[in-house]
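Hi everyone, thanks for coming along. I'd like to take a few minutes to walk you through the fold on the screen, so please have it in view.

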Amino acid sequence: MRMNILVTGGAGFIGSHLCDYLISKGEYVSVIDDLSTGFFENIVHLQDNSRFQYINDTILNKDRMNSLVQQCDAIVHLAAAVGVKYVVENPLASIETNICGTEIVLNLANKHKKKILIASTSEVYGKHMHAPLKEDDNLIYGPPTTMRWSYAASKLIDEFTALAYHRTKKLKVAVFRCFNTIGPRQTGIYGMVVPRFIQQALRDEPISVFGDGQQTRTFTYVGDVVESICRLMECEKAIGEVINIGGTEEISISELAKRIKSLVGSNSEIIYIPYEQVYGKNFEDMMRRVPSSEKLNHLIDFVPQTPFDTILEKTAEYFRSII
Ligand SMILES: NC(=O)c1ccc[n+]([C@@H]2O[C@H](COP(=O)([O-])OP(=O)(O)OC[C@H]3O[C@@H](n4cnc5c(N)ncnc54)[C@H](O)[C@@H]3O)[C@@H](O)[C@H]2O)c1
């Protein structure tokens, strides 16, 4: 039987790819998005599809959300204030969306007894140096005066709230923690590193590394993330669990800049900008972030596997087509 999936934040980067995937599988999809960081262009090709509907509104509108949740069979909750730069620049609105918005979605999912998947982030791990990060690791944060941690803390509250609904109300909910996800349609304007570097490289502008570039990350192809989300939706054992979704190839940001420069054949200079200049005083970065994919693999028999160079090529191809 066809499902009707409600995707909050469906006009965003991950959300729009999820919509494409669900529509390609014959499902019905409803999107609610206020376009605060998403773009209608990401879903414009779906608007004439009779199995797709888009509502331009905020998840904070309880009446609207009530009718959408009532109509759907399951929810993937992606709407959030995303990106370190965005959150640092919009601290209050970010907390409101990430905490109050998620509480509204969970409350309604419980009221109408709908299964729900909640997007969290690798940011919740905080300042760890060890690898790989496992879902039951301790979490290490800086002080609340450093606004960066509000993103992690707000997503952590979402995780606690989701698990509390599961334990006390038996709500069918699973939380997935995305690590840096990349691919076509991701925008660089809110501080995401790969789209920013690729656009700078394609324009032969300086590629700006924040900090000394020794911080490392792993990057996951958006198609692998979407596949993981859809498999988790089908997986009964995922209910009540927190699960990492991420790639395992670790690369320093300095090396990433060099790799992108060579991939696109750019003449860009690579420059290093102190964090303070970009994010203001007291900014702290996470020096390392590598996920354990053991739990994901165990639950859905799948781990993100697209090779890093292939992901970079697909992303560069996308930016070449729009620049
Ligand atoms: N992309 C990544 O690397 C990454 C990493 C970790 C976690 N995540 C999580 O995945 C989810 C999707 O992220 P993304 O990368 O696609 O970002 P995105 O900014 O492209 O998507 C978020 C979407 O939510 C929408 N939105 C924000 N506030 C809203 C509100 N109040 N009401 C309705 N819509 C609202 C935005 O307009 C946007 O379209 C987020 O929850 C994010 O925290 C993403």
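This is a predicted model: local features need pLDDT of at least 70, side-chain atom pairs count only at pLDDT 80 or more; totals for chains, interfaces and linings use all residues.

If you care about handedness, the crossing of α6 and α8 is right-handed.

Which residues of α6 and α8 make the contact? On the α6 side, look for Val-193, Phe-197, Ile-198 and Ala-201. From α8 come Ile-253, Leu-256, Ala-257, Ile-260 and Lys-261.

Now to the sheet. It is an open sheet of 7 strands, and reading across you get β3, β2, β1, β4, β5, β6 and then β11, with parallel pairing. As a quick reminder, strands of a sheet pair through backbone hydrogen bonds, either parallel or antiparallel. What stands at the edges here? Those places go to β3 (52-56) and β11 (242-245). Each has a single partner strand, so one side of each is left without a neighbour in the sheet. On average, neighbouring strands of this sheet are turned by 20 degrees against each other, if you ignore direction.

Something also packs on this sheet: helix α1, residues 13-24. Helix α1 touches β1, β2, β3 and β4, and its direction makes about 165 degrees with that of β2.

Let me zoom in on β5, residues 115-121. Is this strand mostly covered or mostly open? Mostly covered: 6 of its 7 residues are buried. On one hand, β5 pairs with β4 (residues 74-77) in the parallel sense, over 4 bridges. There you can find His-77 standing opposite Ile-118 of β5. On the other hand, β5 runs parallel to β6 (residues 173-178), and 6 bridges join the two. In that pair, Ile-116 stands opposite Val-173 of β6. To get from β5 to β6, the chain passes through helix α5 (residues 148-169), and this β-α-β crossover is right-handed.

Strands β6 and β11 run parallel and are joined by 4 bridges. To find the spot on your screen, look for Cys-178, whose bridge partner in β11 is Ile-245.

That's my tour; over to you for questions!

Methods. Residues are numbered from 1 along each chain as its sequence is written. A residue is buried if 20 or more other C-beta atoms lie within 10 Å of its own, exposed if 12 or fewer, and partly exposed in between; C-beta atoms are placed from the backbone. Two strands pair if DSSP finds at least two bridges between them. A crossover is right-handed if, with the strands pointing away from the viewer, the path from the first strand over the helix to the second runs clockwise. Axes are lines fitted to C-alpha atoms, for helices over the stretch in contact, and angles run from 0 to 180 degrees between N-to-C directions. Two residues are in contact if their C-beta atoms, placed from the backbone, lie within 7 Å. A crossing is left-handed if the near helix is turned anticlockwise from the far one by less than a right angle, and right-handed if clockwise.
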